[in-house]
Amino acid sequence: MSTEQTGQKAEISVENIGGIERATVAFEPGVTLLVGNNATNRTSLLSSVMAVIGSDDAAVKGDADEGYAELTINGETYTRTLKRDGTTVVTSGEPYLEDTTVADLFAFLLENNEARQAIAQNDDLREIIMRPVDTDEIQNELDQLKQQQDDLEQELEEIDSLKGRLPSLEEKRSDLQEGIDEKRTELEELEAELREKDTDVQQRQQEKDELEEKLNKLQQKRGELEDVRYDIETEQDSLSELKSEYHDVEQELSELSDVPAGELGDIESELDQLRTRKQEVKAKLSELQSIIQFNEDMLEEDGVISTVELDGINDDSLTDQLLPDKTIQCWTCGSTVEREQISATVDQLQTVRQQKFQEVQDIESDIESFREQKQELEQQKRRREKLDMRLQRVEQNIDESKDRITELQQRRDRLTDAIETIEDEINEQEDEERNEVLSLHKQANQLEYNLGQLENERERIEEEIADIEQRIDDEGEIKAEIEENKKEIADLRTKIERIEQDAVEEFNRHMDAILDRLAYDNIDRIWLEQRETEVREGRRKVSKSVFELHVVRNTPDGVAYEDTVDHLSESEREVTGLIFALAGYLTHAVYETVPFMLLDSLEAIDAERIARLIEYFQSYSQYLLVALLPEDANALDDEYTRVTEIEG
């Protein structure tokens, strides 16, 4: 990735931030060098840029209560106000970004940048790269996709089951059609025979009408009886299925263990305590960072030095360490302290910051362990509740089905009695002379009824076949959706792995390139390896991905050997840390949301290598702001924009 150096000039106005009282500075797209000796407000200007973009790593000028920064870029204006409130700073305004997590880590590469310092401090490199990734959100998306997948696969299983039914339904439809054809032929033959015998229509019309009325009534009752018998059979089948389902649910419930009473509450209580503790520690961690940044800014600019009570380091003890015989003034007690003592105390605060960061990591590990326990117990509890409700519903359905069967049986008995009565009436109306004709009418009537029943059954079967064929037609679409779901699930499952691989590849590629440009004498290669290791999280062991840094050197006679990071020179460590930050910058595509990259405190690298390093970095950001000493800036091309005066 490279960024074309196009766009409009950016301008920042600053009041009372760091050591700056009031200043306005313009940046052309490309490289801007902030050139000056120590205590010339270069770092304060970079902190002001960070502040107006949205970072909290900025301090109000020591003799002011409020600071302000305004950035104009691409025709838009962004503001940030910093107001002192006791020992903390409250921010307001409309910054460039709402969340600067990735920018703080990978774009604002000042001396204390965590990604840049990770190499020297032997930090967890993988954790720094993965910190901006919301793994909980990824897991939630995975859970939703898995549920959709289960539903789709269940629908496919139903379609497979319907496919198995389709041949028997088609065979039944064919059999019904044959029966219909036979009944129609038989009915036509009977009607022809009746036309031959029923010659005296007028004489027998009244008797025939009476008979037809009774036969119609008989046909109606028989139809009702057939429907009731079918409903009884259907309801009995349903009852059998309900009883089977009841047995299955009851069996599953018996095999499901109970969730111990109170255990969920205990876990939630533990989680609340851990989250509260995490917030407390992170608050202290943030306060520590602000103190460290403030004091380092003051060291650079010979300003006043702040102290604060934090985890055993109180105002008195820190003031004692910052005494007695230099000209830097402590803003808390007013005493003067030696610069070397202040640097040592800042180092102690850095150590405390690292301890607090590790404590946050440990607490997060415990939170994850308890969260998994809670999720498992809640899932088990929900399953039992769901089964209990299902059991009750099935039991209710069984009772209702039994009631319907009883009601249908009673109706069947009533219809049977009514049919017998009508048949008796018809039999009484028959005589010997008309017996044959009446018998033919009865047969024709019965055939018409049977024909109607067959046609109704055929229509029902055809509707069922059409429904099944429609479901089968949907099978291809469902399979395609399943494949798409599988791809999304696979993408989510490998998303973290891809980010890890991208970070490792970016680091190794850029590290090889920069070592080739900077030509360190006996370094053959510095490369990052991603591997899996087993670690303990809470009460269990899990496989965890780690980044391991390798240093390969050459002996004078050209033999390569593995060295350790501890043996890197300060210059080599600084370059390695900057390339690690660049790898994170490119992996998370920070250039898409932040147009600035900031570099500071490059004094450990010689001027010629600084020039090559800046030339390498300039293509990755629209605005590259670099703070340099005059002697280092002299080695760089004159084409770069230079800012040599920043008002104090």
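**Labels and their grounds**

Reply: Ser-47 has a relative accessibility of 2%; buried means under 20%, so Ser-47 counts as buried. The model under discussion is a predicted one.

Me: Where does Ser-47 lie, and what is Ser-47 in contact with, leaving aside its neighbours within four places in sequence?

Reply: Ser-47 belongs to helix α1. With those neighbours set aside, its contacts are Asp-57, Ala-58, Leu-110, Gln-293 and Asp-297. The criterion for each contact is heavy atoms within 4.5 Å.

Me: Why is Glu-235 called buried?

Reply: The relative accessibility of Glu-235 is 12%, and the limit for buried is under 20%, so Glu-235 counts as buried. Glu-235 is located in helix α6, residues 201-255. Not counting residues up to four places away in sequence, Glu-235 touches Ser-401, Arg-404 and Ile-405.

Me: Is Ala-39 to be called buried, exposed or partly exposed, and why?

Reply: Buried requires under 20% and exposed over 50%. At 33% relative accessibility Ala-39 falls in between, and therefore counts as partly exposed. Ala-39 sits in the loop between β3 and α1.

Me: What makes the phi of Ala-39 worth noting?

Reply: Most residues other than glycine have a negative phi. Ala-39, a residue other than glycine, has a positive phi near 65°. Asn-16 also has a positive phi, near 55°, and Asn-16 lies in strand β1.

Me: Which strands form the open sheet, and in what order?

Reply: The order is β2-β1-β4-β5-β6, five strands with antiparallel pairing. At its edges stand β2 (20-27) and β6, each with a single partner strand, so one side of each has no neighbour in the sheet. On average, neighbouring strands of this sheet are turned by 10° against each other, direction ignored.

Me: What packs on this sheet, and which strands does it touch?

Reply: Helix α1 (residues 42-53) packs on the sheet and touches β1 (10-17), β2, β4 (66-73) and β5. The direction of α1 makes about 105° with that of β1.

Me: What makes strand β3 "mostly covered"?

Reply: Six of the six residues of β3 (residues 30-35) are buried. Since buried means under 20% relative accessible area, each of these six residues is therefore under that limit.

Me: How do you know that β3 pairs with β14 and with β15?

Reply: Pairing asks for at least two bridges. Six bridges join β3 to β14 (residues 623-628), so these two strands pair, and they run parallel. Three bridges join β3 to β15 (residues 641-643), so this pair also meets the criterion, and it too runs parallel. Gly-30 stands opposite Tyr-623 in β14, whereas Leu-34 stands opposite Val-643 in β15.

Me: What volume has the second largest pocket, and which residues lie nearest its centre?

Reply: The volume of the second largest pocket is about 890 Å³. A lining residue has an atom within 4 Å of a pocket point, and 31 residues line this pocket. Nearest its centre lie Glu-111, Asn-112, Gln-117, Glu-296 and Ser-601. Helices α1, α3 (114-117), α7 (263-301), α9 (339-429) and α12 (570-587) each supply at least two residues of that lining.

Me: How many helices and strands are there in the protein, and what share of its residues is buried?

Reply: The protein has 14 helices and 15 strands. Of its 648 residues, 42% are buried. Its accessible surface comes to about 34,700 Å², and 41% of that belongs to carbon and sulfur atoms. Among contacts between residues at least 6 apart in sequence, 72% join residues at least 24 apart.

Technical notes: Residues numbered from 1 in each chain as written. Predicted model: local features only at pLDDT ≥ 70, side-chain atom pairs only at ≥ 80, totals over all residues. Heavy atoms only, no water. Helix = DSSP H or I, 4+ residues; strand = E, 2+ residues; numbered from the N terminus. Buried < 20%, exposed > 50% of the residue type's maximum accessible area, 1.4 Å probe, protein only. Areas by Shrake-Rupley, 256 points an atom, 1.4 Å probe, with all protein chains shown as cover. Axes fitted to C-alpha atoms, helices over the stretch in contact; angles between N-to-C directions. 1 Å grid on protein atoms, 1.4 Å probe; cavity = no way out; pocket = protein on both sides within 12 Å on 5 of 7 lines; lining within 4 Å. Points joined across faces, edges and corners; volume = space filled by probe spheres on them.
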